[in-house]
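Please have a look at the model first.

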Amino acid sequence: MDTSQQMMMRTKSRNFTSAAAKVGGFFQFETSVKVICLIIVCGYCLSYSETVTEALIVTPGYFMPPLMQIWTAFTFCFVEKHLWEVLVDIATVALCGKLIEPLWGSMEMMTYFAVTNFGVVILTVTYYLFLYACTKNPLILFDVHIYGLAGYVAAVCVAVHQIMPDHLIARTPMGNFTNRNIPVSLFLVAVLLWLLGLLEGRYPTMFLAGIIASWIYLRFIQRHRNGSRGDYSENFAFVRFFPTVLQPFVSVVVNPIYYACRRMGIIRHVPVPQASSSTLPLSSVSIAMGGVDPYDMERRRQIALKALNERLSKATDSSRSKTLPKSFPQSTIKSTSHAPAISINIPSTSIPSSTPASTAGSQEALIKFDQEQNKKQLP
């Protein structure tokens with residue numbers, strides 16, 4: 001067998017191995033992710049039949065009386081007519097399974113999927129009915145079709161913004177591009193592609209409806225493991241989705257709607273408690289972050305403390321070696337490098353007010369030992 005044939009066989013085997021690894025990676029997802037992906041693929045196959053498609057997708061004119069095709073509010077999200085949309089939907093669901101499901105759990109992920117898609121239907125149909133009331137154009141009621149997971153793609157972007165808002169993606173001349181800028185940026189891209197004729201009008205409409213529906217759910221409705229509801233942090237306010245320059249203008253539009261909903265009792269206001277440091281002990285102070293798993297916070301805290309301990313130990317060794325004179329023997333330096341480094345250990349519940357006597361005694365003994373060695377070795 002020639003060398004070229006051997007190389008070709010090795011290349012084919014590598015390609016087959018990588019393809020098998022990708023297929024095997026798909027089966028590593030949770031059952032909920034695999035079920036949603038398989039239903040999306042089946043919905044794409046059913047889209048070749050116009051009769052089946054019309055029975056599954058939402059048409060604004062048929063969604064209202066007298067026909068009342070309410071079941072389409074639960075089936076429209078699984079129908080796609082373009083292959084690239086199927087790929088985007090599968091990638092989005094896979095991202096949700098890898099990033100969001102470990103923090104929320106399978107049940108909360110499915111709840112988020114159902115609530116956001118149902119909210120997308122209600123908001124999108126309301127928008128088209130309002131547009132029909134303004135234009136009196138019957139084509140808006142019967143020629144516009146709502147289907148696909150465009151709204152859920154926006155919902156996943158909002159969830160990522162809540163979990164990691166300041167994660168840096170790229171540096172631009174206009175400033176840093178982080179996760180908090182993704183939802184509005186993708187919406188503007190969808191609008192631009194619609195103006196160029198590359199996207200249907202329902203896509204940017206559903207995307208914007210997905211942003212609004214998912215934000216309302218995460219902000220006011222979602223129940224956390226500690227029993228609280230929503231995420232009332234300042235970083236997750238609706239104006240934070242926009243650049244700093246536009247936030248005052250957005251507040252003028254959003255704040256009246258928010259206060260009106262509060263007066264009508266639709267939204268309840270949860271004030272942030274202000275604790276005084278003079279009246280509360282330090283051990284009772286805790287920080288709660290909505291939408292973040294306490295186990296994940298504890299894991300990140302331990303990683304940060306470990307990195308800080310390593311930096312402090314390196315800084316202590318380097319500063320000690322710099323203070324010693326050149327005539328100081330290297331054996332002494334090596335022996336002192338094995339001395340116990342000062343480490344920081346911050347418990348999760350309380351902070352001790354005093355240092356243990358054993359640690360202080362060992363530090364004093366180490367200082368005395370260094371002074372005696374300096375007296376012996378200095379000329």
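This is a predicted model: local features need pLDDT of at least 70, side-chain atom pairs count only at pLDDT 80 or more; totals for chains, interfaces and linings use all residues.

Residues are numbered from 1 along each chain as its sequence is written, and side-chain values use heavy atoms, with hydrogens and water left out.

Q: Why is N117 called buried?
A: Buried means under 20% relative accessible area, exposed over 50%, and partly exposed in between (1.4 Å probe, protein chains only). N117 has 3% relative accessibility, so it counts as buried.

Q: Where does N117 sit, and what does it touch?
A: N117 belongs to helix α7; helices (H or I, at least four residues) and strands (E, at least two) are DSSP runs, numbered from the N terminus. Leaving aside residues up to four places away in sequence, N117 touches F76, C77, L149 and Y152, where contact means heavy atoms within 4.5 Å.

Q: Is C134 buried or exposed, and what about C157?
A: C134 counts as exposed because its relative accessibility is 52%. C157 has a relative accessible area of 13%, so C157 is buried.

Q: How many disulfides does a search of the whole structure find?
A: The search finds 0, a disulfide being a pair of cysteine sulfur atoms within 2.5 Å.

Q: What makes α9 largely enclosed by the rest of the structure?
A: Of its 14 residues, 14 are buried, so α9 is largely enclosed.

Q: What span does helix α9 reach, and what is expected?
A: Helix α9 (residues 150-163) reaches 21 Å from its first C-alpha to its last, close to the 20 Å expected. The expected span is 1.5 Å times one less than the number of residues.

Q: What is the volume of the second largest pocket, and which residues are closest to its centre?
A: Its volume is about 1100 Å³. Of the 40 residues that line this pocket, W215, I216, F220, F238 and V254 are the closest to its centre. On a 1 Å grid over the protein atoms alone, a pocket is an open set of points where a 1.4 Å probe fits, with protein on both sides within 12 Å along at least five of seven lines; lining residues have an atom within 4 Å of a point. Grid points are joined across faces, edges and corners, and a volume is the space filled by probe spheres set on the points.

Q: Which helix gives the most to that lining?
A: α11 does, with 10 residues.
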